[in-house]
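This report works through a single protein chain, moving from overall figures to individual helices and side-chain pairs. Please keep the sequence and the structure in view while reading.

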Amino acid sequence: MGMTDVLVVGAGPTGLVLACDLARRGAAVRIVDRSPAPPRTSRAKGPNPRSLEILDDLGVAEEVLAAGSAPRPMLKYRDRRPVAEADPWADSVPSPEAHYDRGWLIAQWRLEGILRDRLAGYGVHVEPGREVVGLAQGQDEGDGSDEGDGGHVDVTYADGPAGRARYVVGCDGAHSSVRKLLGITFEGATAEDQVMVCGDVDLTEGVLDRTRWHQWFDEDGAVMLCPIPGTRTGWWFQAGPERDGRGRPLAPTADGFRRLLAHHTALSGRDLTRAELLSTYRVNVRMADRFRAGRVLLAGDAAHVHAIAGGLGMNTGIQDAFNLSWKLGLVLAGHAGAELLDSYEEERLPVAARTLDLTSERLRATLEAIRRPGGGLDTAITPDTTGLGVGYRWSSLAAGGRAPQDERPGPHAGDRAPDAPCADAATGVRTRLHRVFAGPRTTVLGFGPGSAAVLRETADAYGGDAGVRVCRVYAAHEDRAGAAPGAVVDDAGHASAAYGTGASGETGAGTVVVVRPDHHVGVLTPADDARSVREYLRRLHGTGRSAERSPGMVDAVR
């Protein structure tokens, strides 16, 4: 069997996002999963705003929005009677800097299906029933370096022929075989007493309002029912478990769900006509002590698991994948050295650690809130759970950033690059900066006439084929004669406000912003500081024209 560039182990949302982004970069990618068929799992309730931005970049956001629904207001009951209603999203609206102001409800299996279809568009298909049982890192003949192009990983499967890959990424969940094969410890604790039973159920049509997420919190337990989008009678069922005489939680069953329903709600047990995908959820807070061992990396639940509060499990995994994929792509293309991969753990491990703390705190606050009538799961939802505030100011890829005490408006190096509505300079068609960033490239934005020289130098050095694009952002009053293709007009001033550049073109030399392929700011500097831009691009993309042209760079399909 020939060498593949990247073997992705695990075809959940994390693995699928990783494979999609690598495939559109022209990398040779395989994705295997030990399940014989795609699991119909509903575990995650859907992407948060930051994950929606990533799905938008991959070209599937519209399909995800169409297949799902907006989050439902929460109707809370005590002793079977409604006592309070809460809509955590009531006051949120899309802003110029963030197009998506709320997460989206969609069954996980439906999201995975959309991502598998996108991946198939690149000619890559999930290989089911392939369980990885052995990994051995080796060097090709005559290659002495640990991380030179000659390294590889030999992969053994439970059955079928062995494989070989330049890199392997374990996206295979909390019980990750890849992590166990590497001997990476998974430190933390499982709270045996914090247990929930879950499943997908059908309720008799019309017995419950499908525009609400219903939550019954009583002294002796709880039942939560959230409508599954795209179904007429399907609901996500979550509840405190039934317990035996000694207080031990019982395994979930359809009849147990009926008893819980009849006990806590005004519905009859007979109203529950079907229950499947039954599972027991225990609060499990654990983290791998490292996310990389040579040519093997971990992402998603394989690297970290945490409390369900705030819905950050799947989202953190999707965001891991989007941080890692472009780095692997640039290393595989020969533009960047393998040390770029060290920045994956450097950036994502602290985010995972903070997510563990955040979700545990939200769980604690929620458990406290539901003791009082009217308390509910809205306690778990805070601005932190949108994912839009996650940045990497500490990262070595945020070098040359402003001093932390610098209070000027606009993002720091490492922060998420803000979105902003604007117009195409040539056609006047409405667009926004995140659409400019979309596709597997680094973007160099130039504000003010003074930025023209840096943009020209960058375009000459890297052109379109080395994975760098340039974009001049014109202020409304600027003369746009001779604007290069792809330039945009900041006609309402939102872009200059978001990036803190002042009124473009009126003051100083202008500003240049280098935006990484994952929409984070690499450099934000005055336009007369061409050296910072040059050095940063060299780290990611080599020296430009002299660098090998990357084969098969596939642009985002829109």
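## Charges over aromatic rings

A charge sits over a ring if NZ of Lys or CZ of Arg is within 6 Å of the ring centre and within 35 degrees of the ring normal. By that criterion R295 lies over the face of Y167, at 4.7 Å from the ring centre, and the charged end of R472 is placed over the ring of Y474, 4.2 Å from its centre. The model discussed here, and in every section below, is a predicted one.

## Overall make-up

The protein chain contains twelve helices and 22 strands, and of its 558 residues 55% are buried. When contacts between residues at least 6 apart in sequence are considered, 71% of them join residues at least 24 apart. The chain exposes about 22600 Å², of which carbon and sulfur atoms supply 51%.

The count of disulfides comes to zero.

## Helix α2, an enclosed segment

Helix α2 covers residues 49-57, and because nine of its nine residues are buried, the helix is largely enclosed by the rest of the structure.

Just after α2 comes G59, which takes a positive phi of about 85 degrees.

## Helix α10, buried on one side

In helix α10, which runs over residues 452-462, the buried residues are V454, L455, T458 and Y462. Because they cover an arc of only 100 degrees around the axis, they fall on the same side of α10. An α-helix has 3.6 residues a turn, so residues three or four places apart point the same way. On the other side of α10, R456 and D460 are exposed.

The buried residues of α10 pack against the strands β18 (442-447), β19 (468-475) and β21 (511-515), and also against helix α12 (530-541). The helix is followed by G463, whose phi is positive, near 50 degrees.

## Aromatic pairs

How many aromatic pairs does the structure hold? There are five, and one of them joins F237 and F257, whose ring centres are 4.1 Å apart with planes at 20 degrees, so this pair is stacked. Since F237 belongs to strand β11 (residues 234-239) and F257 to helix α6 (residues 254-264), the pair ties together parts that are 20 residues apart in sequence. F237 is buried at a relative accessible area of 1%, and F257 also counts as buried, at 1% relative accessibility.

A further aromatic pair, formed by F291 and Y344, is tilted, with 6.2 Å from centre to centre and 45 degrees between the planes. This pair links distant parts of the chain, 53 residues apart, with F291 in the loop between β12 (272-288) and β13 (292-293) and Y344 in helix α8 (residues 342-369). F291 counts as buried because its relative accessibility is 0%, and Y344 counts as buried at 0% relative accessibility.

Terms used: Residues are numbered from 1 along each chain as its sequence is written. This is a predicted model: local features need pLDDT of at least 70, side-chain atom pairs count only at pLDDT 80 or more; totals for chains, interfaces and linings use all residues. Side-chain values use heavy atoms; hydrogens and water are left out. A disulfide is a pair of cysteine sulfur atoms within 2.5 Å. Buried means under 20% relative accessible area, exposed over 50%, partly exposed in between (1.4 Å probe, protein chains only). Helices (H or I, at least four residues) and strands (E, at least two) are DSSP runs, numbered from the N terminus. The arc is that of the directions from the helix axis to the C-beta atoms. Contact means heavy atoms within 4.5 Å. Rings of Phe, Tyr and Trp (its six-membered ring) pair if their centres lie within 6.5 Å; planes under 30 degrees apart count as stacked, over 60 as edge-to-face and the rest as tilted. Accessible areas come from the Shrake-Rupley method with a 1.4 Å probe; for residues, only the protein chains shown count as cover.
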